[in-house]
Amino acid sequence: MQTNQMKTVEELTALSREFREWIIEMLTEAKSGHPGGSLSAIDIITALWFAEMRGVESAQQLAEDRDRFVLSKGHGVPALYAVLAKKGFISKEELKTLRRTGSRLQGHPDRRRLPIVEASTGSLGQGLSVAQGLAMGLKLQSKKSLVFCMMGDGEIQEGQIWEAAMSVPKYQLSNLCAILDQNGGQIDGPVSEVMPIEPICDKWRAFGWHVIDIDGHNFSEILQALHEVRTRHERGESKPVFIRARTVKGKGVSFMENKIEWHGAAPKPDDATKAIAEIRAHR
Amino acid sequence: MSKATRQAFGEALAKLGETHPEIVVLDADLAKSTKSELFMKKFPNRFFEMGIQEANMIGVAAGLAFTGKLPFLCSFGAFLTGRFDTIRLSVAYSGANVRLIGTHAGVGIGDDGHSQMALEDIALMRTLPEMGVFQPMDARDTELLMDYLVKTWKGPAYLRLTRQNLPNLYPEGHAFDPLKLTPIRNKAGKTAPVVLLGTGGTLCEAVKAHELLATQGVESEVWNATALKPFDAETTQKLAKAARLIVTVEDHSVFGGLGDCVAEAISRLGQHAPLLKLGIQDQFGESGEPVELYDKFGISGQEVARAVHSHLQTIKG
């Protein structure tokens, strides 16, 4: 299997800045979509695809023993499309077709049109169950592949998440890692007001998960946590891993940060110019 | 000889497990009732007890299918199809090659009452693109259908099974084709004035009605639908052109089930026989003796014959 070339923190930082720019561009072009949750997730997704995940180097053919990434918070998919474009699974040019009639880049991940997204998601709460099935299937075949599943913090208000949270430890799926992109916001307001989810780490620990608590924008912490998933699995540990990643909604664009109105509103061309100038200033 | 189709399913699944290592089975704490326990006892390593978590079970089955397995996930039809959004997205829209097994179809389960009765499952599953919807008529049909679902069918499929025993009605020597209506009681070359169509638990009631009507001087014929989707519109249209009355009998809501399959098929014709849809008429199920419930809901042989008589009167009038 081809292994991912380990990128340095500096390289990952530069990549994720480029992806932030692409996210703004494609959402502006599409005139709709979710910037807040895409920008909060992009650092973790970048680290996964460019540093930790294995078997995803070749866009020509999907390797059977590849690591899997399921984006359960499907509305954050522009972040994934940016990464897939850089990886060559889709073309950079294709990003402009986001949400257009006939495009493979549907508003939420569509496994039929773009198999590398692994699961069709968008109705929240379902991705972790599919990830569990992937992990069980890979384990049955004695494959070493890992399955990563990213959820939103509002998303885990869904009951099905807790069914999976209970079920995954029963099957001792140490090849499964659930990542919570905890950006604190959802459509109707702050998660803490809409439907409180804390104490989140205690809850997952009580359900039988190994919990790692990180800053979801700090590449050193992200890389260390993801690496721990693999070493624990290879060591024969039985517990699945839950990574609580504290993130900022709209991260990297100051006027979007922690602003609920940027959950599901696309930037206008003026906003985009401002946002991109700010992202570039940091490069 | 009579057998519940859930029993025939369990036996067929355990047998197919021998030659199809890709088959895995999931159940949500109802393995004894759905008869998936027959597979569990034989292949414990390929059986997953998922607990009382139908939605998670559906998603897990989809994930297993994406790694090349052929998952059979089993529960009562009411509970399974009740998790419609999960089936819609994680299974259907994802193109997951899974077999959804819903047992305890209709008021035929009796005592347990409405909450346990699958009464809208066919309607729900028929709305999902590419989802196959099947309901076998007896043990033999179940066995043949299971073979078809493992070896031939691609993509998701829903299989609806009965709790109660059903008599053997599969015609001897008939060439199996689940996608075609099966003639059960008919005379070749001539369509009877009354065509009775049954599916699953009600086919035997349609046959009883056919026999009763014969003693009353009304000529009828009986057909079975194993596939509710894709539905055999071609045969249905032929029958509806030649008959005076077409009657559907089903242990399911009259909305979206067999009756509506027929209605959809014949609505394209300029002229066709009137359609009488017998089934659960915009009402809830209830506890009781299955035999009494079939009478009460108008789907027993006797009630079907009565309804046919009275409808023929109105046509004449």
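In the predicted model, B:Leu73 stands opposite B:Leu100 of strand β5 in chain B. This pair belongs to the parallel pairing of β4(B), residues 70-76, with β5(B), which extends over five bridges. B:Leu100 also has a bridge partner in β7(B), namely B:Tyr158. Strand β7(B) covers residues 157-160 and runs parallel to β5(B), with four bridges joining the two.

Strand β5(B) spans residues 99-103 and is mostly covered. Five of its five residues are buried. In a regular strand, side chains alternate between the two faces of the sheet. In β5(B), B:Arg99, B:Ile101 and B:Thr103 point one way. B:Leu100 and B:Gly102 point the other way. Residues on both sides are buried, the charged B:Arg99 included.

Further along chain B lies helix α9(B), residues 203-215. The helix has 13 residues and reaches 19 Å from its first C-alpha to its last. This span is close to the 18 Å expected at 1.5 Å a residue. Its buried residues are B:Leu203, B:Cys204, B:Glu205, B:Ala206, B:Val207, B:Ala209, B:His210 and B:Leu213. B:Gly217 follows α9(B) and has a positive phi, near 80 degrees.

In chain A, a helix pair was examined. Two packed helices are described by the angle between their axes and the distance between the axes. The axes of α2(A), residues 35-52, and α3(A), residues 77-87, come within 8 Å. They cross at roughly 35 degrees, and the crossing is right-handed. Helix α2(A) contributes A:Ser38, A:Ala41, A:Ile42, A:Ile45, A:Thr46 and A:Trp49 to the contact. From α3(A) come A:Pro78, A:Ala79, A:Leu80, A:Val83 and A:Lys87. By class, this contact holds eight nonpolar, two polar and one charged residues.

The contact between the chains takes 22 residues from chain A and 21 residues from chain B. On the side of chain A that touches chain B, α4(A), residues 127-140, and α5(A), residues 159-170, each supply at least two residues. Helix α4(A) gives the most, with nine residues. By class, this side of chain A has seven nonpolar, eleven polar and four charged residues.

Conventions: Residues numbered from 1 in each chain as written. Chains lettered and ligands numbered in written order. Predicted model: local features only at pLDDT ≥ 70, side-chain atom pairs only at ≥ 80, totals over all residues. Contact = placed C-beta atoms within 7 Å. Axes fitted to C-alpha atoms, helices over the stretch in contact; angles between N-to-C directions. Left-handed = near helix turned anticlockwise from the far one by under 90°. Buried ≥ 20, exposed ≤ 12 C-beta atoms within 10 Å, placed from the backbone. Pairing = 2+ DSSP bridges. Expected span 1.5 Å × (residues − 1).
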